[in-house]
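Open the structure in your viewer and get your selection tool ready. We'll go from stop to stop, and at each one you'll hear what to select and what is there.

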Amino acid sequence: MKMLFKGTEAIAEAAIRAGCRLYFGYPITPQSELTEYMSRRLPEVNGTFLQAESEVATVNMMYGASCTGRRVMTSTSSPGFSLMMEGISYMAGAQLPAVFVNVVRGGPGLGDIQPAQSDYFQATKGGGHGDYRMIVLAPHTIQEAVDLMNLAFDLADKYRMLVTILADGMLGQMMEPVEFHEMRDLRDMPQKEWALTGASDHKPRKVTSFDIDPYELEKMNLRYQATYKKVEENEVRYEEINTKDADIIVAAYGTMARIVKTTIRMAKEEGIKVGLFRPITLWPFPYKRLNELADTVKNVLTVEMSYGQMLEDVKLGVNGKANTPFYGRSAGVVPTPTEVLEAIKKIMVGDLNGR
Amino acid sequence: MNFLNFETRLFVYMGMFGSGKTELAINTAIELRKHSSHVALVDIDVISPYFRSRDERDFLKTKGIEVIAPPGVLSHADLPIITAQMGGYISNPNYFTVADVGGNEDGATVLGSVKQFLDSTDKTVFFVVNTLRPFSTTIDEIAKNVQKLSEMGKVKIDYLVCNTNIGVETSNEDIQKGEEIVGKVSEYLEIPVAFTAVKNEINYSGKFPIFRLKRYLVNLW
């Protein structure tokens, strides 16, 4: 049965159904409904909801709770995500699985409470210190956000990595019909041989991001790198629409991709074939497929609700095979489908005149 | 739907978060404008950061409806602001006024702060229910919500409104099931159902009067 859910509420419900019973968080617009939903729903399923005194406390509670092997998550919005960075780096170093949800708002600084995508660098390039990576998933509908929650927890456990759902205020606040997956049986959750569950029947274990011996720490780092390589090989996800014989390909993710889908329809009416390349994993970024597509067009236009962040990954993917123009608005201003179409026309003016 | 039949000049929409109060308030104001040139929409939603009546201020102005909300840039502030003018519009006997109250207990609490104006006014309070929203799916949950919000807002609920929908994909069957549940809540609480809100495009008739809605709060795409 489909129900009407806000993005934030839907993500919370999907997380519970994916086996998350431990939530730590601190409210911040535009994701506070996620925290509120958890506070009401988790006690119903014998889970623990804990409102921390800050995001710094939140992330350290996540560290501790994840050590026990249980599925843990938090959610926040941009400034709160910044506050969590130190703990995120520690968790990455300790190879602790956990899911973070960042419902991005306008920045930098206090910014505003409107939707934005300007935390792309922070999520994909490591906002914290050290050589670490996080898997970053970018849903573009509420249903997709729901579907990705299961995957997020599974990937976190499988690779002992942090997974971030990078949404924006629009996805967080809008309402759409959704269908949820069944409640996962907690008895089917993966066994974790590293978890700190008491050492009465096995040797004491250790979870840490620390080693004073540089050669030992380097070995730890090499283990992380081996994991990241595996993820890059196996977990790249993307969606393509009309990329075959497109006049131009637009790269966009999240809400922005949603808007481009409307632009595609509008452009079609004017005889312009626009393709969409939508990364679902922002890390690992689908460089390889984008590189193949770059052979087929003159222009790969990146459109963002920020000023050229994903553009850098698009350029790495395209690798000089095509032009890489850019169009973006930021600070909570969302480009309209018409604006994107105008940007496309400007780029294609030469090509369009030639037909 | 003729809103004059309610014989009131202050229409208060309350309900749980995301039950559709703002869309109903906008539609009601536009409907009332057909009967009077003095219609105001009072946005006392201190809960929602997006998709609020105030976001439609310019559009409603073109329809001859005054939107009473925090002025200028303050309307984007993440602060619970109640404008001073609100009391005046609520108690002005020359105006038809629609009040869009924020969702849940926290939204309803605001009503308590303007109790002195509400009590001196001939008002009708509607409680909006969408049975396809979380925490509002069973008779028990809905009845408890009605009682809790009535308590927090310090107001008596005069009518229930059935607003069961899942947006664009809503089926007649969804609405019918919604009417069944809201009907039972109505019997249990002894609060009548004012109407069932149905999107313009849907051809539906059921056990309650129908209020046809146009969707004003649309997505960018």
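Before the tour starts, one term: two strands count as paired if DSSP finds at least two bridges between them. Keep in mind, too, that this is a predicted model.

**Stop 1: the seven-stranded sheet**

Select strands E3, E2, E4, E5, E7, E6 and E12 of chain A; in that order they make an open sheet of seven strands with mixed pairing. Which strands sit at the edges? Colour E3 (48–51) and E12 (281–283) of chain A: these are the edge strands, and each pairs on one side only. Now look along the sheet for its twist, which averages 20° from one strand to the next.

Zoom in on E5 and E7 of chain A. E7 covers residues 162–168, runs parallel to E5(A) and is joined to E5(A) by seven bridges. To see two residues facing each other here, pick A:Ala98, which stands opposite A:Leu162 in E7(A).

**Stop 2: the five-stranded sheet**

Now pick out E9, E11, E10, E13 and E14 of chain A. They form an open sheet in that order, again with mixed pairing.

Follow E9(A) to its partner E11 of chain A, residues 274–279: the two run antiparallel and four bridges join them. Click A:Glu239 and you'll find A:Arg278 of E11(A) opposite.

This sheet has a helix packed on it as well: show H12 of chain A, residues 310–318. H12 touches E10 (248–251), E11, E13 (300–304) and E14 of chain A, and its direction makes about 160° with that of E13(A).

**Stop 3: a loop with two positive phi values**

Stay with this sheet and select the loop between E9 and E10 of chain A, where A:Asn242 is found. A:Asn242 has a phi near 50°, a positive value in a residue other than glycine. A:Asp245 is in the loop between E9 and E10 too, and its phi is about 35°, also positive although A:Asp245 is not a glycine. Are they buried or exposed? A:Asn242 has 46% relative accessibility and counts as partly exposed, while A:Asp245, at 62%, counts as exposed.

**Stop 4: a buried glutamine**

Move to A:Gln309, in the loop between E13 and H12 of chain A. A residue counts as buried under 20% relative accessible area, so A:Gln309, at 11%, is buried. Its side chain reaches the backbone nitrogen of A:Tyr120 at 3.2 Å. Show the surroundings as well: beyond its neighbours within four places in sequence, A:Gln309 contacts residues including A:Ser118, A:Phe121 and A:Glu304.

**Stop 5: two cis peptide bonds**

Finish with two prolines. A:Pro30 lies in the loop between E2 (22–25) and H2 (32–41) of chain A, and the peptide bond to A:Pro30 from A:Thr29 is cis, with omega near 5°. Then go to A:Pro108, in the loop between E5 (98–104) and H6 (120–124) of chain A. Here a cis peptide bond joins A:Gly107 and A:Pro108, with omega about -5°.

Technical notes. Residues are numbered from 1 along each chain as its sequence is written. Chains are lettered from A and ligands numbered from 1 in the order in which they are written. This is a predicted model: local features need pLDDT of at least 70, side-chain atom pairs count only at pLDDT 80 or more; totals for chains, interfaces and linings use all residues. Side-chain values use heavy atoms; hydrogens and water are left out. Contact means heavy atoms within 4.5 Å. Axes are lines fitted to C-alpha atoms, for helices over the stretch in contact, and angles run from 0 to 180 degrees between N-to-C directions. Buried means under 20% relative accessible area, exposed over 50%, partly exposed in between (1.4 Å probe, protein chains only). A polar contact is a pair of N or O atoms within 3.5 Å; within protein, one must be able to donate a hydrogen and the other to accept it, and residues adjacent in sequence count only if both atoms are side-chain atoms.
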